[in-house]
Amino acid sequence: MPDVIAYGGDWNPEQWPEETWEQDVALMREAGVNRVSVGVFSWSLLEPAEGVFDFGWFDRVMDLLAANGIAANLATPTASPPPWFGDAYPEALPLDSAGRRLHHGSRQGFCPSSPIYREKALRVTEQVATRYRDHPALALWHVHNEYGCHNAHCYCDTSAAAFRAWLRSHYASLEALNDAWGTAFWSQHYGEWAQILPPRDTPSFTNPGQQLDFRRFSSDALVELYIAERDLLRELTPGVPATTNLMAGAHWDMDCWAFAAELDVVSTDHYLIGARAEPHIDLAFAADYARSLNGGRPWLLMEHSTSAVNWQPRNRAKAPGELRRNSLAHLARGADAIMFFQWRAARAGAEKWHSAMLPHAGVGTKVWREVSALGAELAGLAEVAGSRVNADVAILVDHSSVWAQDHPAQPSSELDPVEEAKRWHAALWRAGITCDLAHPEGDLTGYRLVLVPALYLVSDSGAANLERFVRAGGVTLVGPYSGIVDEHDRVRLGGYPGAWRDLLGVTVEEFFPLDGPIRLASGGSGSVWSEVAHATSAKVLDTYATGEPAWTRNVWGDGAAHYLTTRLDDDALAEVIATVCAEAEARPPATSPPGVEVVRRSHPDGRSHLFAINHTAGDAVVTTASGESVTVAAGDVRVISG
């Protein structure tokens with residue numbers, strides 16, 4: 001990574017007359033832009049007819065960037081095949097679960113398992129890489145764009161054959177698959193591999209094991225596409241790093257852990273959801289996830305918006321100062337690149353109402369003034385680049401568990417695992433404590449506290465991993481309906497929470513989903529969910545009014561394991577999390593009032609940068625660990641370096 005903060009956005013010069021390009025680059029320099037992504041959606045112009053390539057216009061784009069000292073995240077344009085592709089190869093277009101063919105006319109119009117798509121994608125990638133491998137503007141390969149955003153699952157016959165091949169590589173025999181999927185139920189026992197299909201629309205619920213494995217297969221198919229392009233790029237341009245822009249924390253159809261393992265550096269896109277009451281906390285969750293996917297190292301924010309997006313029911317524009325706060329919040333949580341979609345607001349097309357660095361109204365605008373000011377500020381924060389965020393707390397998150405719990409035949413559809421993870425993360429955010437996200441089978445060494453908000457599915461190795469962490473002196477808090485099934489979505493028998501009955505010292509005999517609140521002896525309340533639990537070795541810390549345990553604590557080795565049997569209200573959850581944080585000695589880097597975000601980035605040599613971000617309408621005082629009091633104005637951001 002360079003010792004500067006990369007700043008810029010997607011530049012799509014092909015959407016504009018060539019006479020605007022010089023103006024664009026001049027304005028980029030004025031705004032402090034030092035990096036742009038180019039070529040993301042250029043396939044139809046780079047290869048206007050099959051096998052016919054036109055790079056003349058793109059040569060001028062790349063040369064213009066190099067002449068002005070602006071580096072390129074050079075994209076492989078494979079996210080959006082041209083019209084000729086769908087016309088020539090209709091069998092390569094995706095099929096939905098109802099058997100409808102999805103046609104060309106938007107983007108990502110291809111089946112991820114299609115051999116002809118892969119062939120054509122690798123051909124255009126080879127052409128781009130061969131032509132620009134020595135170009136001075138090339139800094140990073142931006143492979144594809146937002147894998148699986150619109151075509152994460154394809155149900156065509158090609159996908160069915162690929163799914164069967166994937167299953168054969170994962171199961172030793174058809175008998176093992178029948179056992180894993182529980183196909184004795186509803187007369188689903190398979191006698192031949194050829195009988196297995198993707199979970200297409202059926203009269204009733206699909207088989208849960210089949211659905212789970214299909215989602216795993218679908219994610220793996222996208223990872224394989226990335227690996228194919230990346231390996232070709234490594235062969236042609238050794239030494240040039242490659243990435244693809246994930247959508248960490250927002251898009252759950254791809255296993256981000258599996259993708260991140262293949263990236264030279266993690267990059268992600270993030271957009272505020274206007275319907276959320278505190279969207280800046282959702283931003284923090286996504287940023288913490290991106291950092292965690294990169295093993296704690298700095299990561300790249302490849303896209304976010306200067307103001308409104310175009311794809312929500314109501315596209316809220318950002319208030320004055322919000323662009324800066326959002327950008328610096330990502331920087332605080334480990335981003336070494338702050339980039340936007342896009343540079344110049346589009347005049348036509350499906351995203352013409354999406355905000356940009358250069359708005360439709362031009363330079364005499366709030367957005368342009370804030371974009372230019374941010375560029376100057378980031379240049380002054382170059383020393384932050386390369387520093388890391390060190391967290392004492394981790395939240396366990398696994399895509400397979402989310403996918404398994406997404407099956408409709410659940411005790412309650414209202415216990416949303418993603419929203420629970422975000423809610424527990426929000427409680428830490430309000431307490432000023434920065435956390436990582438971790439895979440259940442990942443390395444938990446170095447954490448003081450591990451939170452398990454909603455991990456319905458866990459493998460034997462994942463279950464043992466948490467036990468080892470606690471036995472070695474760690475503290476954990478496990479939420480309800482966790483540890484329930486194994487990696488095949490088969491119930492762990494003998495009483496819930498099956499994987500962690502001994503660790504938690506609790507046995508649950510029955511679930512009682514709720515249609516209203518339930519009062520606790522402490523004065524708090526639960527909702528959505530409750531359990532009839534018995535403490536076998538745990539100490540009961542709170543109960544329902546009827547006396548059954550609601551919160552327990554069990555000593556395990558040198559550590560302690562807490563368990564909740566209900567979905568606590570926000571205030572009660574905050575109290576419980578404060579208790580376990582105190583027990584684990586997990587503390588914030590500074591003392592701040594409600595609504596003020598504090599995060600520290602540190603260098604190995606001891607230099608650090610404390611970010612204090614005031615999301616409130618009033619001035620606030622932050623007290624650092626050294627006792628210094630720092631005033632942060634309403635809506636402002638202070639960076640204290642030292």
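Me: Which loop does Tyr481 lie in?

Reply: Keep in mind that this is a predicted model: local features need pLDDT of at least 70, side-chain atom pairs count only at pLDDT 80 or more, and totals for chains, interfaces and linings use all residues. Residues are numbered from 1 along each chain as its sequence is written, and side-chain values use heavy atoms, leaving out hydrogens and water. Elements are DSSP runs numbered from the N terminus, helices being H or I of at least four residues and strands E of at least two. Tyr481 is in the loop between strand 13 and helix 16.

Me: Is Tyr481 buried or exposed?

Reply: Buried is under 20% relative accessible area, exposed over 50%, and partly exposed in between (1.4 Å probe, protein chains only). Tyr481 has 5% relative accessibility, so it counts as buried.

Me: What is the phi of Tyr481?

Reply: Most residues other than glycine have a negative phi. Tyr481 is not a glycine, yet its phi is positive, at about 60 degrees.

Me: How does Trp186 count by relative accessibility?

Reply: Here's another non-glycine residue with a positive phi, Trp186, near 55 degrees. Trp186 lies in the loop between helix 7 (174-181) and helix 8 (208-236). Its relative accessibility is 48%, so Trp186 counts as partly exposed.

Me: What is omega for the peptide bond from Phe341 to Gln342?

Reply: Most peptide bonds are trans. Gln342 is in the loop between strand 9 (335-340) and helix 12 (366-380). The bond leading from Phe341 into Gln342 is cis, with omega near -5 degrees.

Me: Which are the edge strands of the open sheet of seven strands?

Reply: Strands count as paired if DSSP finds at least two bridges between them. The order across this open sheet is 11-10-12-13-20-19-18, and the pairing is mixed. Pairing on one side only are strand 11 (435-438) and strand 18 (539-543).

Me: Which residue is the bridge partner of Leu449 in strand 13?

Reply: Strand 12 (residues 449-452) and strand 13 (residues 475-478) run parallel and are joined by four bridges. For Leu449, the partner in strand 13 is Val475.

Me: How far apart in space are Thr552 and Val418?

Reply: Thr552 belongs to strand 19 (residues 549-556), and at 1% relative accessibility it counts as buried. Beyond its neighbours within four places in sequence, Thr552 has contacts (heavy atoms within 4.5 Å) that include Leu504, Val540 and Tyr563. Thr552 and Val418 are separated by 134 residues in sequence, and their C-alpha to C-alpha distance is 23 Å.

Me: What volume does the largest cavity have?

Reply: On a 1 Å grid over the protein atoms alone, a cavity is a set of points where a 1.4 Å probe fits but cannot get out; lining residues have an atom within 4 Å of a point. Points join across faces, edges and corners, and a volume is the space filled by probe spheres set on them. The whole structure has four cavities of 30 Å³ or more. Among the residues lining the largest are Leu272, Ser305 and Arg316, and its volume is about 100 Å³.

Me: Which helix gives the largest share of the lining of the second largest cavity?

Reply: That cavity has a volume of about 80 Å³. Its lining includes Trp252, Asp398, Val418 and Leu455, and the elements that give two or more residues to it are helix 13 (399-405) and helix 14 (417-430). The largest share, three residues, is from helix 14.

Me: Which helix gives the most to the lining of the largest pocket?

Reply: A pocket is an open set of grid points with protein on both sides within 12 Å along at least five of seven lines. The largest one holds about 1,200 Å³ of space; of its 46 lining residues, the closest to the centre are Phe41, Arg107, Glu146, His150 and Glu351. Helix 2 (43-46) and helix 14 are the elements that give two or more residues to this lining. The top contributor, with three residues, is helix 2.
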